Each structure stands twice: as C-alpha cells, then as structure tokens.
Amino acid sequence: MRKATNAHIQAKRLLENCGLDEITDLDMDLFIAGLDAMLIEEELSNCDGKIIFGNSKAVIKVNSKIQFPERKRFVAAHEIGHLIMHKNMQLPDDTFANFNIIEGMENALKNGKQELEANEFASELLMPESLFYKEAKGKKFSPLLIKQLSERFKTSLTATIFRYIQFEQLHPLCLVFIENGKVRYWKKSDSLNVWMGDYNRLSPPSDSVAVEYLQNNYDFIYKLEEKAQTINKSTWFNLNQYEEDTPFYEYCIPTRRYKTILSIIWED
C-alpha cells in the first residue's frame, strides 16, 4: 500500500471514532444519520450525487436512477468524504462517468483535488486497507477474485479493481480507461515491467478485448471464466527489438450508461 493520504487517514479516524472495523453490513442511511446528516435518494439531473451544507446539518443526495446498489454506496461514501473534509466549500455535483481514485488522472485535474480526496476517502471507508489486503493476499488474480472481493465489501467491480491496484504487494495490473471509444488514461502497477503503447485519446488496439465490447455496444459478452480473455503482450504494450511476444490476459468492465470500459490487463 502506498503512503497514506489525508483522505485515508480521515476515513480510518472516522471508523475508529465510531468504534467500527468496517461498515459493510450497515445501511448507509443509518450510518449517515449517525454523522448528523441525512441521506436522500431522489432522481437527480446530470449528476450521481451531491451534498448540501446547512447551518448545522447536511443533506446527502444520491441519484435514485443509479442501477446498482454498490455504486449508490460508493456515491454516498464519496459525499461523506466531502462532509468530513470539505465542509462549506464550493463543490461540483458529482458524476462518476469518469470515476477514478488514482491521483494524477484527468478527472482529478479537471474537478479539483476535492473530488480525488473524496474518492480516496470512500475507498478506504468501504474497503479498509487491512481488511482488503487480508482478503486478497495470496489469492491468484482473476475476474472471479474481483467479484468475490466486491461481494465481500459490497462495492462495485470498478471500485474494487481501483482498490486492488493500490496494493503493490498484490498481483501487478494495468488499467486502461476508455470513454466514448477513446482511451482516456491508463495506470499500471510499478512492478509490471511493460512499455505502454501510445493510445492516449485514440481507439483501443484492434485486437484488444475492449474493441469487442465497443462493437457489441457495451454488452457483457463474456461470462464466468471466459471473462479473462487471452491476448498478446504486443496488443497493448510495445516490445523491444529482441523481445518475444508472450501471452497476457484482458478483462473488461463495460458501463453502457456512461459509455465507458475499464480494461484490466495482466500476466499470469
């Protein structure tokens, strides 16, 4: 795990102050009520969540049109991050089309440090460092493992993948975020020794699994063990002059609503 940020510290402190190791089995409305705030689900226009600060209390709103309860939990946890760290600051309404929790990515720069901090806070609050590492340590990486971790912590597959890559001790991965058919950013584990091709703002490579999802309008085209599709290293990465091409795996998480694909690439 990398050096703890202020957001991680604040999330851990909140759990400690509440006398809790985790909040997986708590309803978010009850947890938020304990923070002297109120959670409301209602239809929101053009955003997934927002927080309204009052003189003494706050209201957290989560878009009722969000399809998956795991994503609603993350949005609510993100707004708790604002409640704890950014009280009475001017904040944008939160849209998770360009979800990320990794510093330096485009959305963090566009929306400001507060959004990145709130995502880091939510990740630590829902998937505490020590518990997550304990659950993932020593287990072979696969789409099934991410599914098991997401069910354990009641988080989305996307949030779980982003949490997983924060632990350098676990299996090295490369994540590629694709929006509207173009690569927006990528992030890899430091220990994954590859040289990424120059795909920034371009279409993904024609022989990638991501392209198959684009061609199928973001449908889930693979199930169970088929989700890990074999590709060549050269599909996403450049090879040096004397390097032999080797098998890699690619697993994609598409979201039709946001027109995004998160592509996870790794070597066994």
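A: Both faces of strand S4 are covered: Cys174, Val176 and Ile178 on one side are buried, and so are Leu175, Phe177 and Glu179 on the other. The model described here is a predicted one. In a regular strand, side chains alternate between the two faces of the sheet. Strand S4 spans residues 174-179, and because 6 of its 6 residues are buried, the strand is largely enclosed by the rest of the structure.

The place of S4 in its sheet comes next. The sheet is open, has 5 strands in the order S5-S4-S10-S9-S7, and is paired in the antiparallel sense. Its edges are formed by strand S5 (182-188) and strand S7 (229-232), each of which pairs on one side only. On average, neighbouring strands of this sheet are turned by 30° against each other, direction ignored. Strands of a sheet pair through backbone hydrogen bonds, either parallel or antiparallel.

On one side, S4 pairs with S5 in the antiparallel sense over 6 bridges. Within this pairing, phenylalanine 177 has tyrosine 185 of S5 as its bridge partner. S4 and S5 form a hairpin with 2 residues between them, and asparagine 180 in the turn has a positive phi of about 50°.

S4 is also joined to S10 by 6 bridges, and these two strands run antiparallel. Here leucine 175 stands opposite isoleucine 264 of S10. Further along the sheet, S10 (residues 260-266) pairs with S9 (residues 247-255), again in the antiparallel sense, over 7 bridges. In that pairing, cysteine 252 is found opposite serine 263 of S10.

Cysteine 174 counts as buried because its relative accessibility is 0%. Its closest cysteine sulfur is that of cysteine 252, at 12 Å, which is too far for a bond. With a disulfide defined as two cysteine sulfur atoms within 2.5 Å, the count comes to 0 disulfides. Cysteine 47 likewise counts as buried, because its relative accessibility is 4%.

Tyrosine 164 lies in helix H8 and is buried, because its relative accessible area is 1%. Leaving aside residues up to four places away in sequence, tyrosine 164 touches Phe132, Ala136, Phe141, Leu145, Ile146, Leu149, Leu170, His171 and Leu173. Phenylalanine 132, with its neighbours within four places in sequence likewise set aside, is in contact with Met127, Leu149, Phe153, Thr160, Arg163, Tyr164, Phe167 and Leu170.

Helix H8 (residues 157-164) is itself largely enclosed by the rest of the structure, because 7 of its 8 residues are buried. Those buried residues are Thr158, Ala159, Thr160, Ile161, Phe162, Arg163 and Tyr164.

Glycine 34 is placed in the loop between helix H2 (28-33) and strand S1 (37-42) and is exposed, because its relative accessible area is 65%. Tyrosine 164 and glycine 34 are 130 residues apart along the chain, and their C-alpha atoms are separated by 29 Å. For glycine 34 and methionine 196, which are 162 residues apart along the chain, the C-alpha separation is 46 Å.

S2 and S3 (residues 58-63) pair in the antiparallel sense over 5 bridges, and lysine 50 stands opposite lysine 61 in S3.

Serine 208 lies between strand S6 (195-196) and helix H9 (209-215) and counts as buried, because its relative accessibility is 2%. A polar atom of its side chain lies 3.4 Å from the backbone nitrogen of valine 211. Apart from neighbours within four places in sequence, serine 208 is in contact with Thr235, Trp236 and Glu250.

Note on methods
Residues are numbered from 1 along each chain as its sequence is written. This is a predicted model: local features need pLDDT of at least 70, side-chain atom pairs count only at pLDDT 80 or more; totals for chains, interfaces and linings use all residues. Side-chain values use heavy atoms; hydrogens and water are left out. Two strands pair if DSSP finds at least two bridges between them. Helices (H or I, at least four residues) and strands (E, at least two) are DSSP runs, numbered from the N terminus. Axes are lines fitted to C-alpha atoms, for helices over the stretch in contact, and angles run from 0 to 180 degrees between N-to-C directions. Contact means heavy atoms within 4.5 Å. Buried means under 20% relative accessible area, exposed over 50%, partly exposed in between (1.4 Å probe, protein chains only). A polar contact is a pair of N or O atoms within 3.5 Å; within protein, one must be able to donate a hydrogen and the other to accept it, and residues adjacent in sequence count only if both atoms are side-chain atoms.
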